Amino acid sequence: MTKRIRNAVTAVLALMLTVSLAACEGQVPQPTAADTSSKATPDLSEAQEKHIREQILIALGDANDAKDASGLSARMTGPQLAIHSARIAIAKKTGSISRYATIPNDIVQTVIPTDSGWPRTVYSITTTTDDQQSKRLLVLTQDSARQNYKLWGVARLFQGTKLPSFAVPDIGAKMGTAKDAGLIMTPEQAVERYADVLTNGDSSQFASSFADDELRQTLASTTEQVQQGISSNKGTQQQTFTAEPGAIQVMRSSDGGDLVVAQINLEWTRQAGEGRESLPANDQENALFGNAKATSTLKATYVFVVAMYVPEANSGKQVTAVGADREVVKVEAQ
Amino acid sequence: MSPSRRAWIMRGLVTPIFGLLAVTCIVLGLFNATVWKPSSEITATGTVNGVRYIATDPGVLPLVDDASTLTVTTSGGSDVCVALGSSKDVNGWINGESYARVTGLSDWTTLSTEVSSAKQSASADDQSQDVAFRDSDMWTHVVCGSGKATLKTTVSDTSDSIALVDLGESGQATVSLHWVRETLPDFAMPFYFAGGLLALMAVLTASLFAMPPHKRRKRVIESRLVQEEVTVAQAISGSLARVMPSRRPRGSRRRHAGGRSRSDMDETAIVTSGGSHDDVAQPTIIDPSSRNLVADQAARNEQAERAEQSDVQVPDVARADGGSSHDRFAPAAQPASALRFDVDVATDDRTAADEPAADTTVTAAAEPDREPSSGPVAGPVTDTTDEPVAEPRGAHARVAQSTNEEPPVVQPSLPRRRRHRASGSGHAADEANNEVTSVISSEELQAYFARLAQETTGSDADGEKEERQ
């Protein structure tokens with residue numbers, strides 16, 4: 001009987017010890033790592049995108065106000081850095097920044113990819129400006145994890161342009177590459193051929209692959225006006241558009257095509273005849289040319305940012321330029 | 001074990017043990033609900049040495065609760081920043097650097113950490129464009145401080161947000177994570193429950209289980225006495241019904257007597273006639289599937305007509321039926337069984353022991369043996385009981401009972417059976433019956449028998465069917 005009591009007491013004590021001591025705080029939880037590989041998250045939240053854009057616009061505004069382009073590189077890169085630096089340089093002479101440099105604060109759409117590597121690209125489409133200029137397509141890039149997003153390019157969308165549709169920011173789009181297949185031509189080819197079309201106009205062998213657009217029409221009319229003046233001087237002009245190698249951003253749309261934004265450079269060489277001097281053709285060139293000594297030959301270098309939609313192969317559609325921006329960045333007498 | 005000894009053990013030993021355990025459990029439950037109650041505030045701390053960056057593993061921030069507070073304290077007092085970003089951004093930032101991982105809780109107050117060495121040297125890219133840790137666009141939240149930084153976060157389980165700490169330079173730092181638990185584990189309730197059960201056991205051991213087993217059993221039996229008696233009686237009668245083919249079912253089953261095929265009736269006639277030849281207990285084989293309700297009805301009608309039209313004929317036929325081949329007279333044989341049934345019903349309150357005695361009289365072979373057992377029962381009653389039992393198989397006896405007009409018919413058949421039974425009391429019963437029936441007219445009697453015959457036919461069939469089952 002005593003043994004039984006002893007056993008019972010032992011059992012009670014053991015129960016008390018194990019249960020009460022072990023149960024003080026409950027079982028320590030173990031982290032269950034969320035499976036991030038299966039679901040790709042967007043690189044940025046919309047709030048982050050807005051914050052980044054605001055930072056860029058602040059840097060832009062500061063540079064515009066100070067007419068000092070030195071601080072632009074912190075938030076600008078690529079063709080946009082060249083264009084806006086030129087615009088500030090022009091503004092120093094003309095007194096005011098180009099109205100094309102205006103970037104609205106609000107956006108109508110942003111396209112955020114889910115790609116995990118670097119560089120990363122984000123497209124944002126702003127509202128129209130206060131003076132009813134067309135919407136801007138902003139291209140923000142982040143070259144590495146330790147760098148911040150910068151404004152790489154701005155394309156002023158053509159009137160009546162319809163952009164392809166993209167995945168909403170909560171889901172995230174996918175970045176493309178310059179050599180994306182499955183399209184009627186790779187983005188890289190599209191940019192090179194478009195440069196050829198701009199150079200040669202309708203006589204280009206690729207003219208049929210590209211829909212007519214505002215940029216081509218404007219350039220054709222400008223060239224024609226300049227040609228009239230040059231012809232009267234018995235001079236010549238030559239425009240050469242070339243795609244800037246590597247300066248291309250691609251985002252895959254949910255329609256299957258790619259929205260490509262690329263830099264195209266124009267070298268515009270004008271030669272005056274009959275011993276005359278070749279002078280800048282417009283205020284911007286004039287501002288950049290300054291007081292340099294004019295010669296018979298003048299070469300103006302323009303930077304174009306062209307946005308174009310490259311549709312899927314077998315879609316029966318043409319590559320369509322949807323927006324562009326340009327600025328003369330250098331004028332020099334030769 | 002004697003009852004007193006059992007009670008002593010139960011009440012003196014087991015009950016106190018249960019009671020003690022119950023009190024212990026309830027006290028433990030109270031402790032768990034008060035002083036040992038799990039703290040809602042959890043703070044876990046870990047120390048990191050020799051790295052610049054500290055990253056939490058995915059799932060560590062919302063380990064205890066979605067809302068957490070991460071505090072980092074450096075020993076040197078240098079600037080320290082804590083940022084919250086997606087794991088891929090954090091991995092991009094610390095790519096090529098050694099860093100410490102906070103992998104979880106080793107216990108409730110200690111964070112487990114792990115140093116992860118750089119797998120590759122930092123990229124040799126142009127770093128002139130790199131931004132300061134606190135200025136990176138990738139962080140959703142960033143907090144910096146001198147020597148100490150505290151980041152309050154709300155991260156859901158499904159989010160892949162993790163925290164990254166930049167100590168500015170390699171050094172020693174203390175990382176502490178603080179959560180406030182919204183739902184605390186309830187350890188008191190199981191103790192209360194166990195305590196309740198143990199208290200119940202204590203009460204039971206002190207009362208029910210302390211009782212001697214036979215007392216408990218008796219009480220249970222007494223409480224079920226009435227029901228058991230009925231059950232036993234039913235069981236006995238049921239088994240007897242199986243053993244004794246001649247046993248008649250209860251009168252309440254008559255209404256189910258509807259369907260009997262002509263062949264059934266043939267068999268009844270055969271058996272009936274057989275009864276007169278002292279092999280009454282021969283089992284009859286009836287195929288229920290061969291029943292024809294239409295034929296049954298026709299037979300019944302025919303029988304009814306017969307009963308009404310030729311009262312006087314019945315005895316004659318019965319007499320001729322001694323050869324057993326006339327199935328037509330089987331229905332005529334039924335009235336007797338019906339009469340018997342009335343007697344049966346009247347004597348329904350016989351004891352179970354009485355029944356076998358009455359039944360066995362039918363079986364020729366068993367008759368002599370069983371005879372004495374029926375003896376104890378009152379003479380006349382036994383006789384009336386026995387006789388009907390024997391009767392169903394014998395049309396003659398039935399008719400003899402029912403009609404005074406045919407004494408000659410009655411006389412040969414009855415004595416034949418009585419001879420075997422070696423009992424003279426049957427005659428007295430017959431006489432008594434005759435006296436009773438003589439009060440009413442023979443026509444009324446015939447009609448009455450005819451009606452009963454219809455019902456009894458069914459009850460016969462029912463009884464037989466039951467027997468075959």
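This is a predicted model: local features need pLDDT of at least 70, side-chain atom pairs count only at pLDDT 80 or more; totals for chains, interfaces and linings use all residues.
Chain A has 334 residues, of which 40% are buried. Its secondary structure consists of 6 helices and 9 strands. When contacts between residues at least 6 apart in the sequence of chain A are considered, 64% of them join residues at least 24 apart.

Chain B has 469 residues, and 39% of these count as buried. This chain contains 16 helices and 8 strands. For chain B, 83% of the contacts between residues at least 6 apart in sequence link residues at least 24 apart.

## The sheet of chain A

Chain A contains an open sheet of 9 strands with antiparallel pairing. Read across the sheet, the strand order is β1-β2-β3-β4-β9-β8-β7-β6-β5. The edges are formed by β1 (107-111) and β5 (174-175) of chain A. Each of these two strands has a single partner strand, so one side of each has no neighbour in the sheet.

Strands of a sheet pair through backbone hydrogen bonds, in either a parallel or an antiparallel sense. In chain A, strand β6 (residues 236-252) and strand β7 (residues 258-271) are an antiparallel pair, joined over 13 bridges. Within this chain, Thr240(A) has Glu267(A) of β7(A) as its bridge partner.

## Helices on the sheet

Helix α3 (residues 78-94) of chain A lies across β4 (150-157), β6, β7, β8 (297-310) and β9 (320-333) of chain A. The direction of α3 of chain A is at about 50° to β9(A).

Helix α4 (residues 187-200) of chain A also packs on the sheet, where it touches β6, β7, β8 and β9 of chain A. The direction of helix α4 of chain A makes about 160° with that of β6(A).

## Contact between the chains

Which chain supplies 28 residues to the contact, and which supplies 40 residues? Chain A supplies 28 residues, and chain B supplies 40 residues. On the side of chain A that touches chain B, α1 (2-22) and α2 (46-66) of chain A each supply at least two residues. The most is given by α1(A), with 4 residues.

By residue class, the side of chain A that touches chain B divides into 14 nonpolar, 12 polar and 2 charged residues.

Methods:
Residues are numbered from 1 along each chain as its sequence is written. Chains are lettered from A and ligands numbered from 1 in the order in which they are written. Two residues are in contact if their C-beta atoms, placed from the backbone, lie within 7 Å. Ala, Val, Leu, Ile, Met, Phe, Trp, Tyr, Cys and Pro count as nonpolar, Asp, Glu, Lys and Arg as charged, and the others, Gly among them, as polar. A residue is buried if 20 or more other C-beta atoms lie within 10 Å of its own, exposed if 12 or fewer, and partly exposed in between; C-beta atoms are placed from the backbone. Two strands pair if DSSP finds at least two bridges between them. Axes are lines fitted to C-alpha atoms, for helices over the stretch in contact, and angles run from 0 to 180 degrees between N-to-C directions.
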